[in-house]
Amino acid sequence: MRSMYKKKEITEDMRNRASELLSQMTLDEKIGMIHGNGIFATRGVKRLNIPPLVMSDGPMGVRADFYPDRLDRIDDNTDFATYLPCGSALASTWNRDLAYMLGQTLGREARGRGKDVILAPAVNIKRSPLCGRNHEYFSEDPYLTAELACEEISAIQESDVAACVKHFAANNQESNRFEVDTVVDGESLERIYFPAFKAAVGCAGVYTIMGAYNKLNGEYCCHNDELLRQKLREEWGFEGVVISDWGATHNTYKAAGSELDIEMDISSDFDDYYMAEPLKKKIESGEIAEAEIDKKVYHILLLMLRLNMLDGAERNRGDFGSAENRLSCLNIARESIILLKNENILPLSKDKAKKVLVIGENADRKHSEGGESAEIKALYEYTPLAGIRMLLGGNSRVDHLLGYSSKGDIKLEELRLPKAVKKTIKSGNSKSPQSMSLKEKRRLLREEVLANLKDYDQVIFVGGLNRKGGYDCEGSDRKNMELPYEQSKLLEELLEKRPDTVVVMMAGSSVSMEKFADKTRALIWSYYAGMEGGRALAEVIYGDVNPSGKLAETLYKKLEQCSAHSLGDFGEGERVEYREGLLVGYRYTEKKGIMPGYPFGFGLSYTDFEYRNPFVDLNEGYISCDIHNTGDRNGKETVQLYVMNDQNKENEPVKELVGFEKVFLIAGEEKEVKIYPREIIKGRKYLFASSSRDIELILEIESDSGECNENNSEFMG
Ligand code: BGC
C-alpha cells in the first residue's frame, strides 16, 4: 500500500457551502437528488446551479450512452470507448503502477465522456470459480485486491471523477442475486470480504460506494444498519455517497433511515422509486423526518464540491479514445497474461512461422460487448487472431479454423473437410446439413481441424469461456467447471496429433482442464484483456514480451477443491452460508493439503529467478531478499511475501499474503527487494515464494529480538 495517496479531503469551506446550499433547497429539490431521475443520473437543481449527478458503468471502461429513460443504447457513434483489461487481468499483473495506470485511464475516459461517477472498481472476492462476474473482480485474496484497488481508485479520482467501489458487501455470486441472504461470520467479513472496501475508504479516499443486491446476515445491504452505519460510516469514517445497486432498494422507510444516499434502478418510473414520491409523502405526513434526507443531500453536495461540479469551479476535462489510453491497455494486457506450462515449446519462433494454424472460437471472438453492465462499445478490439497476424506480417500464412462453436450457425459447406466426408454429406448418405444436430456439426468442426493439422508449422488453440449467456456474464453463474462446447474433446484429439499445440485458455476463473492438462506442453491463461489483449497475447506467444502475469486466484482441478462448494453453500438457495469462514481459495487448499491445478501466485517466465538472503529489519519495518535473474532474458518477477499462521488453529489459513513487489531484472542482474508489510509479527515465520513455486525461503522472526533464523527450503511445487 502506498503510504500517501493523493486524497482530496473535505474542507471546512466545503462543509459550509454544502450546508448553505442545503438550507436553500425545497423538499422536492432534495428528493430529486437522492434517486435516479434517469437510468444513470439524478436530478439537479437548476435554480441553484446544481447539475445532475451523471454515472456510468464500469470496470472495463466507460459504457455506451443510454437513453435517459430506458436501458437502450443511443448508439449515435459518439461513445466508442477504450476497452480496458478486466479486474482479474489487472490483478494478474500484480503491478501497482499498472493499477494506477488503469485508474488514470478510466478516470480520464469517464470525465472525457462527461461522467461524474464511474461505477468501478468491482472488488468482490472470488469465492467460487462459478460466479458469473468473477472476471470483473480482482482476486480471491483480500490484500492483493485492496492494494490494487486503492491504486486504481486514487488514480480515477485525479480526473475529478468519483470512483464507486462495488458491490458492498459479500456479493460473490449471481444466482438469486436480488434476494439471496449471504450469511457470513464477523471474522471472515473483517479478514476476507471487507478489507478492499475498508482500504478504499481509509487509504484511497473513495468518494462513493455501491450497496450490493444481496442481503447480508438477514438484511438487504442497502438498508443494512450494521453494514452501512456501524461499519462504513462510524468505524471507517466514510463521508462519501452510498449509491444503491440498480434495484437494490426495497423499502422507503428503511432506505430513508439508513445510510443509503442515492437510490438507483433500471425502470423508468422514477417518481415511484422508494426514495422519490413515496418518501416525500412520508415526510409530509411526518412519518419520516426531513433531517433523514438532509444528511443524504449533504453527502451528495460534498461529493459535488470535491468533484469541482459547483460554483463554476475549474474541472478536469478528461479525454477518451486517446492514443495514450490505448497504450495503457496494451501495457496492462502484456503483464496480465500468465504462462502456466511450458515444456520447451514457447516462445514460438517467428522464423519458423511460415504456416500457422489458429484454432478456436475465442481466437477470433470479440469479448468487449459481453458481460452486461461491464460491456464496452469498444473503439476496436484486437482478437488473438488479429494479434498474431499483425505480429507475423504478411509473409506468414495464418489460417483460422473454429474447432468448436458456441452457436449452431456453422456453415458446413465452407469446412475444409476431407473429400470423402464432404461426399457423404453431399450424397445424402449423411444427414443434410440443415437437419444435423449441433453435436454432429461440432464433430465435423473437430474433423476439419484434425484433417488439416499436418499442413502447419505451428498450431495455436484459443478457447475457454466467452462473457455471454451463462459463461462469465452478469446475472447468472456457471453450473459447473466443464469447458463448454465440447472443447475438451477437441483438445484431447488435437493434442494427440499435435502435442506441440500452444493452448490458450481465456476465462474469468477456473475451467476444468483435467482431460487435457497432462497432454499439453504449452499452456497460457488469459483473462479478457481489453482492446489490445490479442496483440499482447501474440507478443507473449512469440517472445516479444516475456510473460510476467501471476495467478491472483487458485485454478482448481475440480469444483470440490473449492471451499465454497465443499464446505459452504453456493447457488440458488435463499440463504447461502459461508461455512468455510476464512478458508477461501489458497487458504483452504493449503490447509487441507489439496493440490489444485495451479496455485495462487503461480506463473512462469521465459527466464529463471533465484531467491537468496532473506533478511528482516525490524527498525525499518521491512523484510527483504535478493533476487537474481539467472536466465538469458530480461524479465519481471513478482516477489510474494506470506506470513505463516499458527498451524494449530483449526480454521486459520496456513499462510496469507502480506506483501509483494514486482521487479524487472535484466538477464544476469541481481537486486535486493524490500517488502514493507503492515506489521511484522515477532515469533512468526515469513515466507517468500517464487512465482514458479520452485523456491521458498522461510524466515523466522524471533519473539524476543530483532534477529532472525533463516531456513531455506527448496522444493518443487
Ligand atoms: C450491476 C452494477 C452496475 C449497475 C448499473 C447492476 O446490475 O450489479 O454493477 O453498476 O447494474 O448498470
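1. Start with the ligand: one of its oxygen atoms sits 2.7 Å from an N or O atom in the side chain of E474. R133 has a side-chain N or O atom 2.7 Å from a ligand oxygen, and H167 likewise has a side-chain N or O atom 2.7 Å from a ligand oxygen. For reference, a polar contact is a pair of N or O atoms within 3.5 Å; inside the protein, one of them must be able to donate a hydrogen and the other to accept it, and residues adjacent in sequence count only if both atoms are side-chain atoms.

2. A word on what we're looking at: this is a predicted model, where local features need pLDDT of at least 70 and side-chain atom pairs count only at pLDDT 80 or more, while totals for chains, interfaces and linings use all residues. Residues are numbered from 1 along each chain as its sequence is written, and side-chain values use heavy atoms, with hydrogens and water left out.

3. Back to the site. There are 14 residues around the ligand, and D57, R133, H167, D245 and E474 come nearest (near meaning a heavy atom within 4 Å).

4. H167 belongs to strand β5, residues 162-168 (helices are DSSP runs of H or I with at least four residues, strands are E runs with at least two, both numbered from the N terminus). Another cis peptide bond links F168 and A169, with omega about 5 degrees. A169 is in the loop between β5 and β6 (181-183). That loop between β5 and β6 also holds N176, whose phi is near 50 degrees, a positive value in a residue other than glycine.

5. Now the helix pairs. The axes of α13 (residues 384-392) and α18 (residues 533-541) come within 7 Å and cross at roughly 55 degrees, which makes α13 oblique to α18. Axes here are lines fitted to C-alpha atoms, for helices over the stretch in contact, with angles from 0 to 180 degrees between N-to-C directions. Under 35 degrees counts as roughly parallel, over 145 as roughly antiparallel, 65 to 115 as roughly perpendicular, and the rest as oblique.

6. P384, G387, I388, M390 and L391 of α13 meet G534, R535, L537, A538 and E539 of α18, contact being heavy atoms within 4.5 Å. The residues of this contact split into six nonpolar, two polar and two charged. Ala, Val, Leu, Ile, Met, Phe, Trp, Tyr, Cys and Pro count as nonpolar, Asp, Glu, Lys and Arg as charged, and the others, Gly among them, as polar.

7. For α4 (residues 96-112) and α12 (residues 323-336), the axes come within 10 Å and cross at roughly 150 degrees. α4 and α12 are therefore roughly antiparallel to each other, and the crossing is left-handed. On the α4 side, L98, M101, L102, T105, R108 and E109 make the contact, against E324, N325, S328, N331, I332 and E335 of α12. By class, that contact has four nonpolar, four polar and four charged residues.

8. Last pair: the axes of α1 (residues 12-23) and α11 (residues 290-306) come within 9 Å and cross at roughly 130 degrees, which makes α1 oblique to α11. The crossing of α1 and α11 is right-handed. M14, R15, R17, A18, S19, L21 and L22 of α1 touch D294, V297, Y298, L301, L302, L305 and R306 of α11. Nine of these contact residues are nonpolar, one is polar and four are charged.

Notes. A crossing is left-handed if the near helix is turned anticlockwise from the far one by less than a right angle, and right-handed if clockwise.
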